[in-house]
Amino acid sequence: MENTTENGIEKPSKPKKTVLIGITGGIAAYKVPMVARGLIALGMDVYAIMTKSATEFVTPTTLSSLTGHPVYTDLFEGNIASNNININHITLADKADLILIAPATANTIAKLAHGIADNLLTSTVLAATSPVLVCPSMNVNMYTNKLTQDNISMLESAGMYVLEPGEGELACGWKGKGRLPEPERIVLEARKIISTNDLSGIKILITSGPTLEDIDPVRFITNRSTGKMGQAITEAACLRGASVKVITGPVNVNYAPWAKVIEVRSANDMFNAVKEHLDWADVLIMAAAVADFVPSTYKKQKIKKLNSVTYKLELTSSTDILASIKDKKGKKIFVGFAAETNSLEKNAGKKLEAKALDLIVANKVGSKGSGFASDTNTGSIISPSGTVQRFKLMPKQRLANKILDLVAERLV
Ligand SMILES: Cc1cc2nc3c(=O)[nH]c(=O)nc-3n(C[C@H](O)[C@H](O)[C@H](O)COP(=O)(O)O)c2cc1C
């Protein structure tokens, strides 16, 4: 169990982060209950403050049911009981680890930019010392209006975070910029702002996904990697403040929005991209499943179906990326992955030594819930000193953070 020590004594669990969601009177307010749910699912304590206009779009009952707290709407409500003075905008501001305003109307943005504190939300923001994330959402002409743009710039100069709205069909019938980003995107941004930032200033190059090796214009060979592990490491590293470049083979996953994504196809493309970006990096994490063998020749014309029952395809070993860049390692941290079906630790240990890695993650493939395409993983992390950390089945996201913890230890 997470919160239990080896001798079974319960550890105090980490204090919950408190997020105040400020909801204002925009049509996209209907998306905000999903933002609240997303934050709560991550173990955060969520309170909602609604402007009077916001209550026209979504009910306080919805938000109080989801958050388990009363919803605050009025600056003066329930303030002063005898001998028990509770000034809502100060108590709320003091408890916040983050204030997230979504949707943020043009009106509220204008008020915040000018320090106006005429309702509970604007007063709370002015009294807060926590970070503030503003998510503008409005009609495209309201958004591009010079006054709104100047006000947004003022919020940024005052140190607030502003999440750019998306483009597309708007509820008002116009097309353009002004859509509130999807709840998952807002939750991700909130997580980044309140994360530990222990990898801030560190540059991490990650390889991810499979490679595709063309046989002819129609056919190719590949492997079962989906990029989920590389995606989890990319997201975790970004959330912890690292600058991340991810070199990826063809995948169907979305990488964290802060990462620079470099798309490649073949093992050779991946090798070239690693060589090109390696100088930039402090850390290299090779989570891609690079083809070990590639077709010896590429046929420019489609190979015709023959009368014979068999067709022999000749394969040649691809360039071993880690072995080829070994002499460029210097003080960089190199982390490799070994996907094995058998003799997991023995085979991974050999690879660690041969390639002078700082860590190798030995991945069990071919068992349920582990390896390719799965959201979970199991295996071991081995270091050159011979230390082996075996990890039981866990979400790839959690394994990503374990790997980054070990990287962080080696950076100091
Ligand atoms: C149907 C309707 C939809 C609206 N949608 C938005 C919107 O998406 N964004 C916005 O900035 N204002 C929108 N407004 C205007 C705001 O509700 C109005 O400016 C209000 O004063 C905002 O108050 P508040 O910032 O205190 O919540 C809308 C108004 C109506 C009637």
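**View 1. Ile403 in the predicted model is a buried residue of helix H13**. Ile403 has 23 C-beta neighbours inside 10 Å, so Ile403 counts as buried. The term buried means 20 or more other C-beta atoms within 10 Å of a residue's own; exposed means 12 or fewer, and partly exposed lies in between, with C-beta atoms placed from the backbone. This is a predicted model, in which local features need pLDDT of at least 70 and side-chain atom pairs count only at pLDDT 80 or more, while totals for chains, interfaces and linings use all residues. Residues are numbered from 1 along each chain as its sequence is written. Leaving aside neighbours within four places in sequence, Ile403 is in contact with Ile233, Val335, Val361 and Ile381. Contact means that the C-beta atoms of two residues, placed from the backbone, lie within 7 Å. Ile285 is 118 residues away from Ile403 along the chain, yet their C-alpha atoms are separated by 9.5 Å. Helices (H or I, at least four residues) and strands (E, at least two) are DSSP runs, numbered from the N terminus.

**View 2. An open sheet of eight strands with mixed pairing**. The strand order is S14-S13-S10-S15-S18-S19-S20-S21. Strand S14 (260-263) and strand S21 (388-395) are the edge strands, and each pairs on one side only. Two strands pair if DSSP finds at least two bridges between them. Neighbouring strands of this sheet are turned by 20 degrees against each other on average, direction ignored. Axes are lines fitted to C-alpha atoms, for helices over the stretch in contact, and angles run from 0 to 180 degrees between N-to-C directions.

**View 3. The S20-S21 hairpin and the helices packed on the sheet**. Strand S20 (residues 376-382) and S21 pair in the antiparallel sense over six bridges. Ile381 has Gln389 of S21 as its bridge partner. Helix H12 (residues 344-354) packs on the sheet and touches strand S18 (333-340), strand S19 (359-364), S20 and S21. The direction of H12 makes about 145 degrees with that of S18. Helix H13 (residues 396-411) also packs on the sheet, touching strand S15 (283-286), S18, S19, S20 and S21. The direction of H13 makes about 150 degrees with that of S21. Five residues lie between S20 and S21, and Gly386 in the turn has a positive phi of about 95 degrees.

**View 4. Ala356 in the loop between H12 and S19**. Ala356 is not a glycine, but has a positive phi of about 50 degrees. Ala356 has 14 other C-beta atoms within 10 Å, so this residue is partly exposed.

**View 5. The buried face of helix H8**. In H8 (residues 183-193), Ile186, Val187, Glu189 and Ala190 are buried. Seen down the axis of H8, these buried residues fall within an arc of 160 degrees, so they line one face of the helix. The arc is that of the directions from the helix axis to the C-beta atoms. The buried residues of H8 pack against strand S1 (18-23), helix H1 (32-41), strand S5 (98-104) and strand S6 (132-136). Asn197 sits in the loop between H8 and strand S10 (203-208). Although Asn197 is not a glycine, its phi is positive, about 60 degrees. Asn197 counts as partly exposed because 13 C-beta neighbours lie inside 10 Å.

**View 6. The S8-S9 hairpin**. Strand S8 (residues 166-169) and strand S9 (residues 175-179) pair in the antiparallel sense over four bridges. Glu167 stands opposite Lys177 in S9. Five residues separate the two strands, and Gly173 in the turn has a positive phi of about 100 degrees.
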